[in-house]
Amino acid sequence: MATDIKDAAHAFDAAAVMRLLPTRPRLLALGEPTHGEDTLLDLRNELFRQLVEQEGYRTIAIESDCMMSLVVDDFITSGKGTLDDVMEHGFSHGRGASAANRELVRWMRAHNEGRPESEQVRFAGFDGPLEIAAAASPRQTLTALHGYLTAQVDADLLPCTAETLDRLLGADDRWTDPAAMMDPSQSVGQSADAGRLRLLADDLVALLDAQTPHLITTTSREDLDRARLYGRTATGLLRYHHWMADTSPARMTRLCALRDLMMSHNLLAVAARGPALVHAQNSHLQREKSSMQMWQGRVEWWSAGALVSAQLGKEYAFVATALGTIRHQGVDTPPPDTLEGLLYELPDDRYVINAPQLTTALGDTPPTPRVSPWFGYATFDPAHLADSDGIVFVKDVLRS
């Protein structure tokens, strides 16, 4: 290992991460190259605890359903519910089963115990209510938004009644049918009822915005923020369902882009509340276009990180995670001519890598991109090095 590459590597801790950055960013995002590995989630927990305690970050946002995450936030701020219930109902994509996620929630609740609201740490999911095979019904978000407005504004201002919403929504299973992901003809997203619901959702969000001065004085800021979450989630879901019914070649590109657009709107809302820490797959947080090979070919779209970075500028920072091995998934020692292979020669298990220093050290001979032997692991593209603020490198990911 060349000395100049060693010079770009620093012992893993929050201070090393902050030294990568000119100032404390409003959103500090840590990516991961694979999901479901507690080695990486334990590392996230350690880093985020340090950043909360040392740098004053007050929200932790992860790649999970933004609506389900309200259950977690209620628990860590007020003790509502039990830890078991929160892990079962507060996470999407099966992430409630993770021991590391359970420890994160337990720590956040313990941290908040006895603290004033202004000093508490909050939790947010910033993904839409979208699973890989299906999207949620817009019922929960539309009815919650309508109910909030019904309690606060003149009934004559509402664009419809709750009964009208219920009739147009119909049975939830027609929205959540997993067959619609592969077969657009099975989606209800471009039906007459769905078209009417998109207009009503837009009118409800417009009413919410138009009544902001009144709502700020008659409800809590927390309730207003949640109503805004309901509004952007409802409109995002209806837009997503609309394009699930699309039959054009651009269908999956649009769906991937819409998911990250929903993510970006949630991250900007989190940033508006104060400094926040973000954790998700590298591809959702990077500043470059994301890409994926799907059944109908390669698709490319702008990631949530790219969209947020375009608005926040230096107030957004992204530190990717790269790794050496996940042997229980068939990911063995990386080839020595790859970026991961070069970093694997370092003696310790975890490092914070200064990306500009590493770029300089590599000179005019960039590493060979690593080929992933397992579909669940996305390697770090060395072409993205210059657009990352840093890299956390983990030598070996152990079986959870």
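I began with strand β3 (residues 59–65), where seven of the seven residues are buried, so the strand is largely enclosed by the rest of the structure; buried means under 20% relative accessible area, exposed over 50% and partly exposed in between, with a 1.4 Å probe and protein chains only. Helices (H or I, at least four residues) and strands (E, at least two) are DSSP runs, numbered from the N terminus.

I noted that this is a predicted model, in which local features need pLDDT of at least 70 and side-chain atom pairs count only at pLDDT 80 or more, while totals for chains, interfaces and linings use all residues. Residues are numbered from 1 along each chain as its sequence is written, and side-chain values use heavy atoms, with hydrogens and water left out.

I looked up the partners of β3 next, taking two strands as paired if DSSP finds at least two bridges between them. β3 runs parallel to strand β4 (residues 122–127) over five bridges, with Asp65 bridged to Asp127; four bridges join β3 to strand β5 (residues 276–281), also in the parallel sense, and here Ile60 has Leu277 as its partner.

I then turned to helix α8 (residues 162–169), in which Thr164, Leu165, Leu168 and Leu169 are buried. They cover an arc of only 130 degrees around the axis, which puts them on the same side of α8; the arc is that of the directions from the helix axis to the C-beta atoms. On the other side, I found Glu163 and Arg167 exposed.

Last, I checked Ser264, which lies in helix α14 (residues 251–273) and is buried, with a relative accessible area of 2%.
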